[in-house]
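Subject: Structure for you to look at

Hello,

Here is the structure I promised to pass on.

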Amino acid sequence: VYSRFFPSKPDFSMGGVCRGQLPMKEEDLAQLEQHSFLKRGEILKLYKFWRRLGGHYYEEPRIVLSNRLIESLTNLEVNPWAARICFIFASERDALSGLCSLTFDDFVTMVSVFHFRTPIELKYLWAFKLYDFDNDGILGLSDVSQCVRFIVGPTMSDKEIREISQRLFLETDMNNDQSITAAEFANVMHKLGTMFGSKFSIKMVI
């Protein structure tokens, strides 16, 4: 959990929203702010967007389906990783349909992770989850192959994908145990420096 220091008497007046007109309870806003890297005004803007999608925080429906969210966010709609991104942040997932249900808390976490203010170490953690397609806590050769396929699309044959994946896997698997841990992954990403941070940033709403 990442926490930040905020003034004890923040100014809640922003964008036409005054203290008596906040659409969310003070304690809920404070908690979302404390557990993300977003500012209060940004969270309120996200909630306004969330309400336009039909989602609520205090009454049903409290969720928004991933396909509805994706088609409403231009930068996500054009991203080939969109469905997978929603999957790793969603509270509820349907393995058969591939659809996910996200709460507003899920949405805030997702936007925060891809925000430029979020520390690179936290981005490493979520990138690892993104590439862990079988969700077993490690990256195996099949995960790496799927990742490569996502990146190159249909431009390469299965044989070429396997060859690239095996080469990447061997270069990343530092202890040769046929798996890549979160620590090994973070070490590799760290070597990429700022290149990774810029790639793992998506502007959504704010």
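Of the 206 residues in the protein, 41% are buried (buried means under 20% relative accessible area, exposed over 50%, and partly exposed in between, with a 1.4 Å probe and protein chains only). The model is a predicted one, in which local features need pLDDT of at least 70 and side-chain atom pairs count only at pLDDT 80 or more, while totals for chains, interfaces and linings use all residues. Residues are numbered from 1 along each chain as its sequence is written, and side-chain values use heavy atoms, with hydrogens and water left out.

The accessible surface of the protein is about 11,800 Å², and carbon and sulfur atoms hold 55% of that surface. Accessible areas come from the Shrake-Rupley method with a 1.4 Å probe, and for residues only the protein chains shown count as cover. Among contacts (heavy atoms within 4.5 Å) with a separation of 6 or more, 57% are between residues 24 or more positions apart.

Fold

The protein has eleven helices and three strands. Helices (H or I, at least four residues) and strands (E, at least two) are DSSP runs, numbered from the N terminus. Their pattern along the sequence is α-α-β-α-α-α-β-β-α-α-α-α-α-α.

The three strands make an open sheet in the order β1-β3-β2, with antiparallel pairing; two strands pair if DSSP finds at least two bridges between them. β1 (63-65) and β2 (92-93) are the edge strands, each pairing on one side only. β1 and β3 (residues 100-103) run antiparallel and are joined by three bridges. Helix α5 (residues 82-89) packs on the sheet and touches β2 and β3. The direction of α5 makes about 60 degrees with that of β3 (axes are lines fitted to C-alpha atoms, for helices over the stretch in contact, and angles run from 0 to 180 degrees between N-to-C directions).

I63 and its surroundings

I63 lies in strand β1 and counts as partly exposed because its relative accessibility is 31%. Leaving out residues up to four places away in sequence, I63 touches W50, G55, S101, L102 and T103.

Salt bridges

The count is six salt bridges, each being a side-chain nitrogen of Lys or Arg within 4 Å of a carboxyl oxygen of Asp or Glu. Side chains of opposite charge can pair when their charged atoms come close.

- R62 and E60 meet at 4.0 Å, N to O. R62 is partly exposed at 39% relative accessibility, whereas E60 is exposed at 62%.
- E71 and R68 have their closest N and O atoms 3.9 Å apart. Both lie in helix α3 (residues 66-72), three residues apart, or about one turn of the helix. E71 is partly exposed at 46%, as is R68 at 33%.
- D158 and R149 meet at 2.8 Å, N to O. D158 is exposed at 52%, and R149 is partly exposed at 26%.
- E26, E33 and R40 are linked in a network of salt bridges.

Regards
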